[in-house]
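Thanks for coming. I will walk through one model today, starting with a loop and ending with the core. Please have the picture open while I talk.

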Amino acid sequence: AAKPRHLMSIGDLSPSEFSALVRNAAARKQDVKSGRVPRLSNGLAGETVAMMFSKRSTRTRVSTEAAVTMLGGHPMFLGKDDIQLGVNESLYDTSVVISSMTSCMVARVGPHSDVTGLAEHSTVPVINALSDDFHPLQTIADFLTIYEAFPSSVSSDNSLNLSGLKVAWVGDSNNVLFDLAIGCVKTGVDIAVASPQGYGIPDHMRKLINSAANGVKSPGKLSETTVPEEAIKNADILVTDTWISMGQEAEKQKRLNAFAGYQITNELATRGGAKNNWKFMHCLPRHPEEVADEVFYSPRSLVFPEAENRLWAAVAALEGFVVNKGVLE
Ligand code: CP
Ligand code: NVA
């Protein structure tokens with residue numbers, strides 16, 4: 001049988017495929033919210049989507065379960081204490097067995113090699129629901145949020161054309177950033193990253209992000225600094241994430257010290273010279289140290305629409321990878 005197509009990272013997608021996922025997410029949202037269709041297709045009727053989560057989750061779990069339900073399928077949540085994986089059974093055996101009974105595996109893991117390992121041996125599509133390296137479902141939702149917040153156009157090759165926008169990421173260089181940066185490069189959005197010394201983008205990841213420009217007519221540019229104000233200059237959107245990702249709990253105090261001065265506040269945005277109508281995004285869950293309440297709960301903040309957009313991103317990814325077998329456009 002032909003190998004299924006998997007979603008490991010936004011880097012797996014051509015610019016027009018990535019745009020197609022974002023635009024399908026927007027279309028599905030519109031279909032349902034306008035009341036035009038009471039529910040979505042029955043594309044997953046009679047099918048089961050296994051959700052293997054080795055870490056906690058609110059948005060990814062709820063959005064995926066709700067999306068599978070909207071498509072008429074059955075979401076089967078398998079937390080780390082529910083199955084034999086990692087304790088009594090290998091990744092290989094688990095992947096072969098679960099994929100023999102289901103139509104898709106959505107997996108949240110630690111090392112990225114765990115999700116690529118699952119994919120390698122799976123007979124059904126595997127969707128990365130967050131690994132230490134990437135969070136593609138978040139990036140699809142983030143670009144839906146950007147697409148909604150900023151007037152944008154679609155190029156002749158059907159890609160989103162968001163050229164001229166600038167994102168400033170102020171905080172830790174992590175999984176959420178890496179896929180966001182790849183999405184920016186592919187859609188012409190410049191992204192400036194400010195992280196403290198020692199918390200910047202690893203060399204192999206910088207190469208990967210920059211290589212997303214291959215074949216893109218006007219790719220977004222990645223720049224890096226340790227000075228938040230430099231990144232913020234002329235930015236349209238300020239973005240951050242927790243300074244302490246899941247699995248880094250032991251480094252908490254060290255990280256809180258290292259990131260002192262990186263909290264996003266109105267004062268920092270003004271001092272850095274963000275554009276007048278700058279917006280704020282965060283994948284959540286949020287902690288007060290990385291962004292002040294005055295920003296997080298302000299009219300500039302897109303965080304709750306961004307969270308809701310995870311649902312429409314999940315619908316688009318399941319339709320693209322499972323119902324349409326990886327044919328995204
Ligand atoms: N943004 C996100 O992935 O949130 P959860 O960890 O709650 O799924
Ligand atoms: N960077 C965070 C994202 C959570 C959605 C983590 O990996 O814990």
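Leucine 284 sits in the loop between β11 and α11. On names: helices (H or I, at least four residues) and strands (E, at least two) are DSSP runs, numbered from the N terminus. This is a predicted model, where local features need pLDDT of at least 70, side-chain atom pairs count only at pLDDT 80 or more, and totals for chains, interfaces and linings use all residues. Residues are numbered from 1 along each chain as its sequence is written, while chains are lettered from A and ligands numbered from 1 in the order in which they are written.

Leucine 284 is not a glycine, yet has a positive phi of about 70°. The peptide bond from leucine 284 to proline 285 is cis, with omega near 0°.

Leucine 130 is found in the loop between β4 and α5 (136-149). Leucine 130 counts as buried because it has 28 C-beta neighbours inside 10 Å.

Next, the open sheet. Four strands form it in the order β2-β1-β3-β4, and the pairing is parallel. Two strands pair if DSSP finds at least two bridges between them. The edge strands, each pairing on one side only, are β2 (74-79) and β4 (126-128). Strands β1 (residues 48-53) and β3 (residues 104-108) pair over five bridges. Phenylalanine 53 has arginine 108 in β3 as its bridge partner.

Now strand β8 (residues 190-194). Five of its five residues are buried. Which way do they point? Asp190, Ala192 and Ala194 point one way from β8, and Ile191 and Val193 the other way. In a regular strand the side chains alternate between the two faces of the sheet. Five bridges join β8 to strand β7 (residues 166-170), which runs parallel to it, and lysine 166 has aspartate 190 as its bridge partner. Four bridges join β8 to strand β9 (residues 222-225), again parallel, with alanine 192 opposite serine 223.

Then the domains. The assignment gives domain 1 (10-134 + 310-323) and domain 2 (138-307); such bounds come from an automatic or database domain assignment. The C-alpha centres of domain 1 and domain 2 lie 24 Å apart. The contact takes 26 residues from domain 1 and 25 residues from domain 2, where contact means C-beta atoms, placed from the backbone, within 7 Å.

Last, the core. The largest nonpolar core has 100 residues, and Ile140, Leu238, Ala317 and Leu318 touch the most other members. A nonpolar core is a set of buried Ala, Val, Leu, Ile, Met, Phe, Trp, Tyr and Cys residues joined through C-beta atoms within 7 Å. Helix α12 (residues 303-323) gives the largest share of this core, 13 residues. The core draws at least three residues from each of domain 1 and domain 2.

Definitions and conventions. A residue is buried if 20 or more other C-beta atoms lie within 10 Å of its own, exposed if 12 or fewer, and partly exposed in between; C-beta atoms are placed from the backbone. Two residues are in contact if their C-beta atoms, placed from the backbone, lie within 7 Å.
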